[in-house]
Amino acid sequence: MPGEEIFEKGRFEPPSEFKEKAIVKSESIYEEAERDLEGFWAKAADELHWFKKWDRVLERNHPFYRWFVGGKINASYNCLDRHLDTWRKNKAAIIWEGEPGDSKTYTYQQLHHEVSKFANVLKSLGVKKGDRVTIYLPMIPELPIAMLACARIGAIHSVVFGGFSAQALQDRINDAEAKVLITADGGYRRGKIVPLKKNSDEALENAPSIEHVVVVKRTGEDVPMKEGRDLWWHDLMKNASHVCEAEPMDSTDPLFILYTSGTTGKPKGVVHLTGGYIVGTYLTSKYVFDLKDEDIYWCTADIGWITGHSYIVYGPLANGATVVMYEGAPDYPQYDRFWEIVEKYGVTILYTAPTAIRAFIKWGEEWPKKHDLSSLRLLGTVGEPINPDVWLWYYRVIGNEKCPIVDTWWQTETGMILITPLPGISVLKPGSAYRPFPGIKAEVVDDDGNPVPRGQAGNLVIKSPWPAMLGTLYKDPERYKRQYWSQVEGAYFTGDGARIDEDGYFWLLGRIDDVINVSGHRLGTMEVESALVSHEAVAEAAVVGIPHEIKGQGIAAYVVLKEEFKPSDDLTKDLKMHVRKVIGPIATPDEIHYVDKLPKTRSGKIMRRIMRAIKTGKDIGDVSTLEEEAAIKEVREK
Ligand code: WT7
């Protein structure tokens, strides 16, 4: 596991030019936030537009913390209208590049126009404040437009990643009881078409809450449209008015739901609340990315994940930044697509994932070397621990040894970056995410909640509330309490392992629960197991994460077949296809092993810890609670 030992591969100071111009220039910001947490965040909130100012900055109704209580605000207004009476009105908000090479730019004025129109479309379809709208789109401008249109009228969006299957989409629509689904005929990925409308039709075979489907024409291929239910985006937009006042929302009203994997088979609906979320993502975008008006900022994530919500849409647009958005794959048509985009638009800030960087390393330095990357001034990573050697490659080959790297740790639930360098002041150690953001109290504790000595590994917990924290889990406040607030008294439990070194630097060690991180995407082992067990041949399955050169973690599945089925290569292929179909391509197992028994405790719990240890060649420790020695032997031999 990367970061398991403390690697010290030198220290990297910010270049003096960067330092001089940085937004955050002084360490005193940490003391300022510590001295007066509420004052620190109130000052940030004051930079945004409120229809009515809050009465209280923070209500500590543990663990249901509420921010800017009594305040009225609209996230869409802050991302758009706020800039229209400034010179930013004609500034590029989104520079979009399609995978086939088409491109389009929206100024703040134009984006506001489109968002207002689509907000009126939603209203005409009967969508009201508090209603849920599911969005299943490729990385095209209509995706942020639809999100900001929902936010404008107070509808709660639930974006489902376009790589998810029909089944996964159906589960998420049904849990949210969404009224409208927004999708496209298809999307481009590596030159192929992802059949989003086809998946949507399949999902809607059993999704009774959906009244209408709005379909964006992207690929232009023939898709069936169901009379009365399905409507084309472009038809609806033709006659829509572009006047739509933003709804003054309570600061504590939900802005969106985003589903993420947990330790059970059922995804959790993480609920983010309007005021705190927009303040948190606004300030972290500004300070962590040192975001200035001249910047061309590119976050390569998909908006279907939290990274895209917070650091493509809400945070950067609330800052009035210029954002690059790219539809497709990094290796299409060639391995240098990212570098071509950086050169074409003069990208100054690049925020990407370690899994992508590992792929670039594999493809070779010649690809970035073909392009002029000298516009870059800051690099970022997110999603998983970055191996120090990968960090050094990124620093040298992409950053030309002049760009600080912000390794940002956070989660779907935290909504905003919590552990990170501040690029103008932090001295970096490759592989470490540096320190908690000002105002964030993070600690590493043992299983009883006591802080562990410096240098020792333990559980990462957060001991103070922060504005963009999740408000609850959708329709399941009990699970919210149990999942995040019951392990360590009074602290938010992250599910990550970490250690703090003698200089106070945080080193993230990966998940400590039954969650795997494939290419920076979170998957529950239980989800994959449930998918396998839903296949007619499978009696039982156990899934563990295994090290993978590019993806960080891959998936190994141990499968017990029903009596009448025999292992075969065809069955292995079939099982892999089945998991793809149930969850999506990211969940495809890398390895499938057939066993007669799974190692279990006497109480019948599958011992994933043991299986994981065996797979990664570690000491398996105490196995006295195991029911069957033979089962261990089997796993070891596969
Ligand atoms: C998990 C959260 C937050 C956006 C992307 C993933 C891992 C995230 C880092 C980092 C080490 C990281 C953690 C975390 N993670 N960033 N910089 N260093 N690990 O969001 O799907 O909610 O996953 O990603 O394990 O718990 P997510």
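**Helix α14.** I started with the buried residues of α14, and I list Pro354, Thr355, Ala356, Ile357, Arg358, Ala359, Phe360 and Trp363. Buried here means under 20% relative accessible area, exposed over 50%, and partly exposed in between, with a 1.4 Å probe and protein chains only. Helices (H or I, at least four residues) and strands (E, at least two) are DSSP runs numbered from the N terminus. Eight of the ten residues of α14 (354-363) are buried, so the helix is largely enclosed by the rest of the structure. I then looked up what these buried residues pack against: α13 (337-345), β18 (349-352), α15 (366-369), β19 (378-382), α16 (388-398) and β31 (552-561). Contact means heavy atoms within 4.5 Å. Glycine 364 follows α14 and has a positive phi, near 105°.

**Basis.** I note that this is a predicted model, in which local features need pLDDT of at least 70 and side-chain atom pairs count only at pLDDT 80 or more, while totals for chains, interfaces and linings use all residues. Residues are numbered from 1 along each chain as its sequence is written, and side-chain values use heavy atoms, with hydrogens and water left out.

**Whole chain.** I find 21 helices and 32 strands in the chain. The radius of gyration is 24 Å, close to the 26 Å from the globule rule for 638 residues, so the chain is as compact as a globular protein of that length. That radius is taken over C-alpha atoms, and the rule is 2.2 Å times the number of residues to the power 0.38. Buried residues make up 63% of the 638. Of the contacts with a separation of 6 or more, 72% are between residues 24 or more positions apart.

**Cores.** I looked for nonpolar cores, that is, sets of buried Ala, Val, Leu, Ile, Met, Phe, Trp, Tyr and Cys residues joined through side-chain atoms within 4.5 Å. The largest has 168 residues, and Trp41, Phe118, Ile182 and Tyr314 touch the most other members. Helix α7 (142-153) gives the most to this core, with nine residues. Another core lies apart from it and has 35 residues, among them Ile357, Ala359, Leu379 and Ile405. Beyond four places in sequence, I list contacts of tyrosine 314 including Met147, Leu148 and Ala151.

**Glutamate 97.** I place glutamate 97 in strand β4 (92-97). At 2% relative accessibility, glutamate 97 counts as buried. Leaving aside neighbours within four places in sequence, its contacts include Arg337, Ile341, Lys344 and Tyr345.

**Serine 534.** I find serine 534 in the loop between α18 (525-533) and β30 (538-548). At 47% relative accessibility, serine 534 is partly exposed. Not counting residues up to four places away in sequence, serine 534 touches His578 and Val582.

**Backbone exceptions.** Most residues other than glycine have a negative phi, and most peptide bonds are trans. I noted a cis bond joining histidine 62 and proline 63, with omega about -5°. Proline 63 lies in the loop between β1 (56-61) and β2 (64-69). The bond from tyrosine 332 to proline 333 is also cis, with omega near -5°. Arginine 190 has a positive phi near 55°, lies in the loop between β9 (187-189) and β10 (192-194), and is partly exposed at 42% relative accessibility. Aspartate 290 has a positive phi of about 50°, sits in the loop between α11 (274-288) and β16 (296-299), and is buried at 1% relative accessible area.
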